[in-house]
Amino acid sequence: MTLDELKSIESAARDAKIERERALHAAGELAAYRKSENPKTTAQLVKRMSEWGGPTRPGDIEFLKVLDEFRDDMLRIAEMRFEARARAAGQHERMLRAQLAGFLGEPDGEES
């Protein structure tokens with residue numbers, strides 16, 4: 001093995017060590033957010049990133065990648081919550097209209 005090849009391996013090893021340290025630091029930051037007594041909401045984290053000129057820290061960038069990865073699932077969950085809320089509101093409306101119909105003596109629950 002030549003001296004240049006050895007230097008190249010040493011340089012790659014240094015780069016790998018730096019990448020490992022950065023990844024561990026970013027993981028530690030994310031763990032601190034998660035374990036905090038007053039955890040930030042996703043909106044607060046994204047707002048902080050935008051106030052600082054965008055996601056610049058590795059943890060921020062990875063967090064946004066995860067959000068992108070699960071975007072469709074998160075949107076579907078939000079959609080299902082609204083659908084459930086609409087069903088509950090519809091049931092509540094029908095119950096109230098039935099009460100009104102009973103009080104007013106209307107058999108079908110519809111207003112005249």
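**View 1. Helix α1, end to end.** Helix α1 covers residues 3-35. At 1.5 Å a residue, its 33 residues should span 48 Å, and its end C-alpha atoms are 48 Å apart, which agrees. The expected span is 1.5 Å times one less than the number of residues. Helices here are DSSP runs (H or I, at least four residues), numbered from the N terminus. This is a predicted model: local features need pLDDT of at least 70, side-chain atom pairs count only at pLDDT 80 or more, and totals for chains, interfaces and linings use all residues. Residues are numbered from 1 along each chain as its sequence is written, and side-chain values use heavy atoms, with hydrogens and water left out.

**View 2. The buried residues of α1.** Ala-26, Glu-29, Ala-31 and Tyr-33 are the buried residues of α1. Buried means under 20% relative accessible area (1.4 Å probe, protein chains only). Their cover includes α2 and α3.

**View 3. Helix α2 against helix α3.** The axes of α2 (residues 42-51) and α3 (residues 58-69) come within 11 Å and cross at roughly 130°. Axes are lines fitted to C-alpha atoms over the stretch in contact, and angles run from 0 to 180 degrees between N-to-C directions. The two helices are therefore oblique to each other. From α2 come Thr-42, Leu-45, Val-46, Arg-48 and Met-49; from α3 come Asp-60, Phe-63, Leu-64 and Leu-67. Contact means heavy atoms within 4.5 Å. These residues divide into 6 nonpolar, 1 polar and 2 charged.

**View 4. Leu-67 in α3.** Leu-67 lies in helix α3. Leu-67 counts as buried, at 19% relative accessibility. Not counting residues up to four places away in sequence, Leu-67 touches Thr-42, Val-46 and Met-74. Leu-67 and Thr-42 are 25 residues apart in sequence and 9.6 Å apart in space, C-alpha to C-alpha.

**View 5. Asp-60 in α3.** Helix α3 also holds Asp-60. Asp-60 is buried, with a relative accessible area of 3%. Leaving aside neighbours within four places in sequence, Asp-60 is in contact with Tyr-33, Arg-48, Met-49 and Pro-55.

Methods
Angles under 35 degrees count as roughly parallel, over 145 as roughly antiparallel, 65 to 115 as roughly perpendicular and the rest as oblique. Ala, Val, Leu, Ile, Met, Phe, Trp, Tyr, Cys and Pro count as nonpolar, Asp, Glu, Lys and Arg as charged, and the others, Gly among them, as polar. Buried means under 20% relative accessible area, exposed over 50%, partly exposed in between (1.4 Å probe, protein chains only).
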